[in-house]
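Thanks for coming. I will go through surface patches, aromatic pairs, backbone angles and salt bridges, in that order.

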Amino acid sequence: MRLNKQLFKIHSWLGLINGFFLILLGLSGSALVFKEDIDNWANEKLLTVQQRGKKLPLDFFYKDISRRYQNLDGIAWMNPDDAPNKAYNFRLYLNDARITSYDLGLITYDPFTGKILREGELDDLSPSAIEWVYQFHFSLQLGVPGAAYTALLGLCMILSILTGTIIYKKSIKKVLTFQVKIKGKNWRTISSDLHRVVGVWSLFFNIIIAFTGFWLNLFAFDVRDWQKEITPTPLNTLASYSLDSLYQQALAQMPDLMPQYVYLPTQPEKKFTVRGAVKGEAAIWDGNNSIAFDAQTGKLVRITRIANEHFWDKVEASFYALHIGSYGGLTIKILYTTIGLTPGLLSVTGFLLWWRRKRKHRSL
């Protein structure tokens with residue numbers, strides 16, 4: 001009994017301290033499950049272009065972006081797998097040498113005319129509201145310190161789930177066998193029953209989401225990342241080889257690769273990289289197959305097939321898909337959107353239970 005009381009205190013304080021931020025991360029995470037769909041829906045006219053002749057070469061966009069932004073860590077073509085009538089989206093890896101900003105940007109082109117359709121940094125809502133939400137979700141718009149804090153929130157969420165599982169262990173079987181019903185007698189019974197029922201049914205997925213979120217943000221505890229953020233990026237060093245040529249070589253070398261992301265280097269130590277899925281492979285590994293070239297020499301550097309990697313590499317490669325629910329079609333996405341709302345609901349009901357107990361002690 002004494003252990004349960006101590007665990008209840010820990011469980012309560014974890015919820016009280018982190019509840020507000022877990023609500024924000026849960027809401028933003030639910031929205032991001034449909035990130036591309038929301039962006040296309042909200043900006044359908046902007047992102048749908050008129051097809052006219054041949055698209056401009058990749059080198060055109062690479063040089064234009066490099067001219068506009070002369071101190072880039074890199075550029076990424078984010079939608080090489082999009083429909084032929086869709087605009088090109090490029091992510092900009094910027095660096096303002098401030099630790100409290102994460103420095104991602106977005107620029108979108110009409111691939112037939114080269115016209116810029118939208119442009120800006122992701123700490124600003126103007127280029128894309130859902131992209132702003134994306135940066136907020138993993139960094140709270142506070143740069144690397146924010147990313148470290150969201151990782152810690154993941155750990156706190158895991159501790160909260162574990163302590164809650166021990167406290168309510170007798171309720172787990174009852175909830176799973178539908179023996180616990182949500183009674184509408186008053187706000188106290190509603191909040192208590194909701195907390196138990198929602199907590200049990202969301203337990204498995206919330207553990208996965210919390211752990212993978214923590215793992216994906218582990219980079220924020222690396223001193224080198226902090227140092228890099230406050231070190232100004234040198235002037236761009238453009239590729240010596242045509243990126244269009246390297247892209248075609250990549251497709252020829254890996255004919256079963258379905259490109260989902262193309263990294264365009266602007267610093268000499270970085271490599272031209274095409275990442276994506278492989279035909280017939282499980283969707284949980286999407287984006288973890290790649291081919292890389294040295295953009296200065298044109299030399300093939302490496303080919304990575306996740307199916308050939310070590311066991312732990314395969315496990316780790318699944319974390320992103322497990323975190324965002326991109327591995328199982330619409331049903332899984334709807335499930336993840338719903339589960340993403342549960343941390344907020346549990347925070348609210350948990351606060352009500354804590355408030356009820358506090359008032360009860362005061363009245364004694």
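In which helix does Arg356 lie? Arg356 lies in helix α13. Before I go on, two notes on the source. This is a predicted model, in which local features need pLDDT of at least 70 and side-chain atom pairs count only at pLDDT 80 or more, while totals for chains, interfaces and linings use all residues. Residues are numbered from 1 along each chain as its sequence is written, and side-chain values use heavy atoms, with hydrogens and water left out.

Helices here are DSSP runs of H or I with at least four residues, strands are runs of E with at least two, and both are numbered from the N terminus. Buried means under 20% relative accessible area, exposed means over 50%, and partly exposed is in between, with a 1.4 Å probe and protein chains only.

First, the surface patches. A patch takes residues with over 30% relative accessible area and no salt bridge; like charges are joined within 9 Å, and nonpolar side chains (Val, Leu, Ile, Met, Phe, Trp, Tyr) within 5 Å. Areas come from the Shrake-Rupley method with a 1.4 Å probe, and for residues only the protein chains shown count as cover. Lys and Arg count as positive, Asp and Glu as negative, and His and the chain ends are not counted. The charge is placed at NZ of Lys, CZ of Arg, CG of Asp or CD of Glu.

Arg356 belongs to a patch of positive charge on the surface, together with Arg2, Lys5, Lys9, Arg188 and Arg357. Arg356 is partly exposed, because its relative accessibility is 39%. Two helices, α1 (2–32) and α13 (329–363), each supply at least two residues of this patch. With three residues, α1 gives the most.

There is also a nonpolar patch on the surface: Leu152, Leu155, Leu218 and Phe221, with about 300 Å² of accessible area together. Leu155 sits in helix α6, residues 143–167, and is partly exposed at 33% relative accessibility.

Next, the aromatic rings. A pair of aromatic rings is described by the distance of the centres and the angle of the planes. Rings of Phe, Tyr and Trp (its six-membered ring) pair if their centres lie within 6.5 Å; planes under 30 degrees apart are stacked, over 60 edge-to-face, and the rest tilted. By this rule there are 25 aromatic pairs. One of them is Phe20 with Phe21, edge-to-face at 5.6 Å centre to centre and 75° between the planes. Phe20 is exposed at 55%, whereas Phe21 is partly exposed at 28%.

How is the pair of Trp77 and Tyr88 arranged? The pair is tilted, because the planes are at 50°, with the ring centres 4.7 Å apart. This pair links distant parts of the chain, eleven residues apart: Trp77 is in strand β1 (residues 74–77) and Tyr88 in strand β2 (residues 88–93). Trp77 is buried at 6% relative accessible area, and Tyr88 is buried at 10%.

Now the backbone. Most residues other than glycine have a negative phi, and most peptide bonds are trans. Leu140 has a positive phi, near 55°, and is found in the loop between α5 (129–139) and α6. Phe178, also not a glycine, has a positive phi of about 60°, and lies in the loop between α7 (169–176) and α8 (187–216). Are these two buried or exposed? Leu140 is buried at 9% relative accessibility, while Phe178 is exposed at 61%.

Last, the salt bridges, defined as a side-chain nitrogen of Lys or Arg within 4 Å of a carboxyl oxygen of Asp or Glu. The whole structure has eleven. Asp256 and Arg305 meet in one of them, at 2.9 Å, N to O. Asp256 is in the loop between α10 (243–253) and β5 (257–264), and Arg305 in the loop between β8 (300–304) and α11 (311–317), so the pair ties together parts 49 residues apart in sequence. Asp256 is partly exposed at 22%, as is Arg305 at 26%.

Lys271 and Asp294 form another, at 3.5 Å, N to O. Lys271 is partly exposed at 23%, but Asp294 is buried at 15%. Finally, salt bridges that share partners join Lys35, Glu36, Arg91 and Glu131 into one network.
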